[in-house]
Every structure is written in structure tokens, then in C-alpha cells.
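Trainee: Before we go through this model, could you show me how to read its features one at a time, with the general idea first and the particular case after it?

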Amino acid sequence: MDKNILLHVEKLCKYFPMSKRQLLKAVDDVSFDVYAGETLGLVGESGCGKTTCGRTAVGMYPRTSGSVTYKGKDVHALKGKEKSHFHKEVQTIFQDPYASLNPKMKVIDIVAEGMDIQGTAGSKKERENKVEELLIQVGLSGEQMYRYVHEFSGGQRQRIGIARALAVDPEFIFCDEPISALDVSIQAQIVNLLVKLQKERALSYLFIAHDLAMVKYISDRVAVMYLGSVVELAETKELYNAPLHPYTKSLLSAVPVSDPDIEKSRKRIELIGEVPSPINLPEGCKFAPRCPQAKEECKIKRPEYKKVKEGHFVACHFCSVK
């Protein structure tokens, strides 16, 4: 394995039993890597399995099959001190900053909770100083540490969530749609903060979001998910400039362009039909029922997720680099 790979996900599956005979295949045969110091963006429609994939990858959900390794160690087999050390190195920023913060706790105790568990908080004064330093680093003030979360705005709550994640000095942060619950005016501030912190602390991110423009801005590489599977993965510039998979092309055609002349000339690729149920998946390609390029082979044979050029992977029978 490449020594720069932090998180290695291979053929990961996460199924939820709906009945004795039915399984909801939320994550189905997903593979990707996250390298040290990079941001991998994970995008797709609501319900495609992005969050479940991320949570299973960092050990929050047990896997159904496949493997996840962090620095070469099986994430789902960690126990004792190794598991505690993993939780120190891998942290999460959640989607809803209010639901993920205990309303009965003051900010100082929320931010310091991880340090208390890991035994790194130090004396009462050292603990207080560390929390103050973290709050300042995320754009808040030290005086706010003795307030409760209901006294803060949504953007401020998310900054508290970021400070909590940073408190144990992690190397990797799973950003579970950290901007989707915020006002548009605040989203850019939070993304800029994450970029700044990444440079200062040499962090790696798995970043999930609906906003394709934000994902383009923050990500080094982007993986596109559809119905539980990754259909395309490439460096950000290449994916946005030369997408190969029909689903990726459709997604990107919906992203508005700031230049009005270019926007007028662009053609939106509209998909017809509904997304198939993850309980009753199509026999062949999952995207075939909605794909404008689908052929008979697509309906009966699942496409292989393969490398079409260096760093560019796609799951389609008819996608190739010209």
C-alpha cells in the first residue's frame, strides 16, 4: 500500500435488513483512498449513501463486508488502546451543529470532552487555556466558553463542533455535510475555515456535501456516488472539466456558471425517471433505467469500476478516454 494513504476503503458494503428477505443496500462495493494532506469530496443525490459510506469508513457503523484500513490497520477490528488512539486521530464534524452538541453542557465541556476522555486536558487552567485557544482558532472568543449552545447562531455552533474535533489533534476529519444546515452566507465562511485549518494542521478530509461548487473549491479529488456505489472518481479539475460517466455529466450540468453568456449557451442534461429502490436494485447497471446512453448490455450486466487513465476511475460499459 502507498505509504501516503491514510484511509483505504476496498469493496465496502453496508446493508440494512428490512425484513427476513429484504436488504437495503445503502453502500454497495465501494472502493477509494484518502491520502495524507488531501481532501476527497464525496457527492451525489440525497439518499445515495454518502453519509452511510463515510460513517462506515470511520467505524461508526459496522461493515457488512469489504475492508477499511487506517494507516494499514483494520478499522473494524480495533480494540482497547488501538481503538482509543484511532478515535484520537480520526474525528467527525457532523451535519447538524445543534443536534450534535449537548444542550446541557457548556461550550468549555463540549470542546474539552475529547481531551478529558483521552487524558490530555491537563490541569483545570491548562484545560481552560486549550479551549480558549481552540475557540479563537475557529473564529470565536475565549469569553464564550461558559455559554450554552442555544446562545449561538448556526454558524457559531458549527465552529464549536469544529473546535471539538480539533481538541484531540486529529490527522483525519470526516466532514459529514458540515455546511448543508447553514445559511448560504455562512457556508463559505466555514469552508474557508476548514481550508485554513487544513493548511495549518496538515489535516486530511473526507468531505461530503450537496453543493458541487463548494466541493470543487475544497477538494483535491472527487468521488461521485449513485445508489450506493461510486460511479466516477478523479482529480477535481479533470472531473469538472471532462466528466466521463453520464450521471456525473448530468450532475455537473446543473451547476450554474457565473458568466451569463456561458450559462445561456449551456445545455442541462435532464434525467428521466425515478431512482431505483436500494431494496430492489436493477440487475445490470444501477443507472441504466435513467441513462440517456443505456444499451441492452447495461440492463443485464453490472459495469466494472475500473481505471481508465491514471487517477481516473469510472463504472460504465461505454466510458473511455478519447
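Trainee: In what order do the strands of the open sheet lie, and in which sense do they pair?

Mentor: As a general idea, strands of a sheet pair through backbone hydrogen bonds, either parallel or antiparallel. In this predicted model, 4 strands form an open sheet in the order β2-β1-β4-β5, and the pairing is antiparallel. The edge strands of that sheet are β2, residues 23-35, and β5, each of which pairs on one side only.

Trainee: How many bridges join β1 and β2, and which residue stands opposite Y15?

Mentor: The antiparallel pairing of β1 with β2 runs over 9 bridges, and within it Y15 has K25 of β2 as its opposite residue. On the pairing with β4, residues 65-70, strand β1, residues 5-17, is again antiparallel, here over 5 bridges, and H8 stands opposite T69 in β4. When you follow such a strand by eye, keep in mind that in a regular strand the side chains alternate between the two faces of the sheet.

Trainee: What should I look at where β4 and β5 meet?

Mentor: Strands β4 and β5, the latter covering residues 73-74, pair in the antiparallel sense over 2 bridges, with Y70 opposite K73 in β5. The hairpin they form has 2 residues between the strands, and there K71 takes a positive phi near 55°.

Trainee: Are D29 and E177 buried or partly exposed?

Mentor: The test is the relative accessible area, where buried means under 20% and exposed means over 50%, with partly exposed in between. D29, at 42%, is therefore partly exposed, while E177, at 5%, counts as buried.

Trainee: Where is T120, and what does it contact beyond its sequence neighbours?

Mentor: T120 lies in the loop between α3 (107-118) and α4 (124-137), and its relative accessibility of 31% makes it partly exposed. Leaving aside neighbours within four places in sequence, T120 is in contact with M115 and K130. A separation along the chain should be read together with one in space: T120 and A167 are 47 residues apart in sequence, yet their C-alpha atoms are 9.4 Å apart.

Trainee: Is R127 buried or exposed, and which residues does it touch?

Mentor: R127, which is found in helix α4, is buried, with a relative accessible area of 16%. Not counting residues up to four places away in sequence, R127 touches I108, D109, A112, D116 and A121.

Trainee: What does the surface consist of, and how are the charges placed?

Mentor: The protein exposes about 16200 Å², of which carbon and sulfur atoms supply 50%. There are 46 positive and 41 negative side chains, and the centres of the two sets lie 3 Å apart.

Conventions. Residues are numbered from 1 along each chain as its sequence is written. This is a predicted model: local features need pLDDT of at least 70, side-chain atom pairs count only at pLDDT 80 or more; totals for chains, interfaces and linings use all residues. Side-chain values use heavy atoms; hydrogens and water are left out. Accessible areas come from the Shrake-Rupley method with a 1.4 Å probe; for residues, only the protein chains shown count as cover. Lys and Arg count as positive and Asp and Glu as negative; His and the chain ends are not counted. The place of a charge is taken as NZ of Lys, CZ of Arg, CG of Asp or CD of Glu. Two strands pair if DSSP finds at least two bridges between them. Buried means under 20% relative accessible area, exposed over 50%, partly exposed in between (1.4 Å probe, protein chains only). Contact means heavy atoms within 4.5 Å.
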